[in-house]
Amino acid sequence: FFFGTAFLMSMNLFRLTGDMLHLLSIFLILWKMLTKRGCAGLSFKSQLLYSIVFATRYLDFYFTLYSPYLTAMKFFFLASSFWILYLMRVRFRASYDATGDSTNVFYLIIPCVALTVAYQLGVVGMEEFSVQDFFWVFSEFLEAVAILPQLWMLQKTGASETLTVHYLAALGGYRVFYVINWVYRYYVEGRKNWISWIAGGVQTLLYTDFFYHYFRIIFQRRETII
């Protein structure tokens, strides 16, 4: 009952692991801010982009009833993303490093809008236009690059707290397992979704350098990253 029949048919170990890592990443970032009472080392720009991703992807949350699992997950990601923005912008604003978080998010948003429009016109066609589908495609493209401000901030400052780095690792792991999930479903169910494949592949590649440093330092048992 909690998962729903349709959802259970699409569920596998890789997708479930990805979901749990995604949840873990959110818990880590909230734990960091609430226990340390600050948001040093975190990119508000990345969190803003993720909030836009969830708000545009989960438009169906407001008028479509899914399984309790999917409903709970969507509610959690929507609520937590805006809570994180509140914590960074209001409650712990004094600890936010605006200088280090200098990415202009419009340079990331505008190309994603352009790609979505091009996909709508060139592949789908205006006769099959759907607001929900349009914003879903946009959210896929935007999620692929939403982590860039955080990675650039990490590279610019040259160091980060352990919890921040574990947050990034969990977020990257979520995407890796979702890519494996798509490959698995393609071979087992014949299911194809080129938008998710391309966007997820790009996002995974963006983590390559981070994962290299992350695992190298984890193996060396160091306390700080990069």
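Author: Arg57 makes a salt bridge with Glu143, and their closest N and O atoms are 2.8 Å apart. A salt bridge here means a side-chain nitrogen of Lys or Arg within 4 Å of a carboxyl oxygen of Asp or Glu.

Reader: Where do Arg57 and Glu143 sit?
Author: Arg57 is in helix α3 (residues 44–57) and Glu143 in helix α6 (residues 131–145), so the pair ties together parts 86 residues apart in sequence. Helices (H or I, at least four residues) and strands (E, at least two) are DSSP runs, numbered from the N terminus.

Reader: Is this model predicted or experimental, and what are the ground rules?
Author: This is a predicted model: local features need pLDDT of at least 70, side-chain atom pairs count only at pLDDT 80 or more, and totals for chains, interfaces and linings use all residues. Residues are numbered from 1 along each chain as its sequence is written, and side-chain values use heavy atoms, with hydrogens and water left out.

Reader: Back to the pair. Arg57 and Glu143: buried or exposed?
Author: Arg57 is buried, and Glu143 is too. Buried means under 20% relative accessible area, exposed means over 50%, and partly exposed is in between (1.4 Å probe, protein chains only).

Reader: Which other salt bridge does Glu143 form?
Author: Glu143 also forms one with Arg175, with the closest N and O atoms 2.7 Å apart. Arg175 lies in helix α8 (residues 162–189) and Glu143 in α6, so this pair ties together parts 32 residues apart in sequence. Both Glu143 and Arg175 are buried.

Reader: What about Arg185? Which residue does it pair with?
Author: Arg185 forms a salt bridge with Glu189, and the closest N and O atoms are 3.0 Å apart. Both lie in helix α8, four residues apart, about one turn of the helix.

Reader: Why does a spacing of three or four places matter in a helix?
Author: An α-helix has 3.6 residues a turn, so residues three or four places apart point the same way.

Reader: And how buried are Arg185 and Glu189?
Author: Arg185 is buried at 11% relative accessible area. Glu189 is partly exposed at 39%.

Reader: Which residues are joined into one network by shared partners?
Author: Arg57, Glu140, Glu143 and Arg175 are joined that way by their salt bridges. The count of salt bridges comes to five.

Reader: New topic. How many helices and strands?
Author: The protein has 10 helices and zero strands. Of its 226 residues, 46% are buried.

Reader: Tell me about α2. How many residues, and what span?
Author: Helix α2 (residues 13–36) has 24 residues and reaches 34 Å from its first C-alpha to its last. That is close to the 34 Å expected at 1.5 Å a residue; the expected span is 1.5 Å times one less than the number of residues.

Reader: What caps its N-terminal end?
Author: Asn12 caps α2, with a side-chain oxygen 2.9 Å from the backbone nitrogen of Phe14. Just after α2, Arg37 takes a positive phi of about 55°.

Reader: Which α2 residues are buried?
Author: Among them are Arg15, Gly18, Asp19 and His22.

Reader: And what does Tyr178 contact?
Author: Leaving aside neighbours within four places in sequence, Tyr178 is in contact with Arg15, Gly18 and Asp19. Contact means heavy atoms within 4.5 Å. Tyr178 is in helix α8 and is buried, at 14% relative accessible area. Tyr178 and Thr17 are 161 residues apart in sequence but 8.4 Å apart in space, C-alpha to C-alpha.

Reader: What about Leu108?
Author: Leu108 lies in helix α5 (residues 106–124) and is buried, at 10% relative accessible area. Not counting residues up to four places away, Leu108 touches residues including Leu49, Leu142 and Val145.

Reader: Last one. What makes up the nonpolar surface patch?
Author: Val113, Val117, Leu121, Met126, Phe129, Val131 and Phe135 make a patch of about 590 Å². The elements giving two or more residues are α5 and α6, and α5 gives the largest share, three residues. Patch residues have over 30% relative accessible area and no salt bridge; like charges are joined within 9 Å, and nonpolar side chains (Val, Leu, Ile, Met, Phe, Trp, Tyr) within 5 Å. Areas come from the Shrake-Rupley method with a 1.4 Å probe, and for residues only the protein chains shown count as cover.

Reader: Where is Phe129?
Author: Phe129 lies in the loop between α5 and α6, and is partly exposed at 39% relative accessibility.

Terms used: A polar contact is a pair of N or O atoms within 3.5 Å; within protein, one must be able to donate a hydrogen and the other to accept it, and residues adjacent in sequence count only if both atoms are side-chain atoms.
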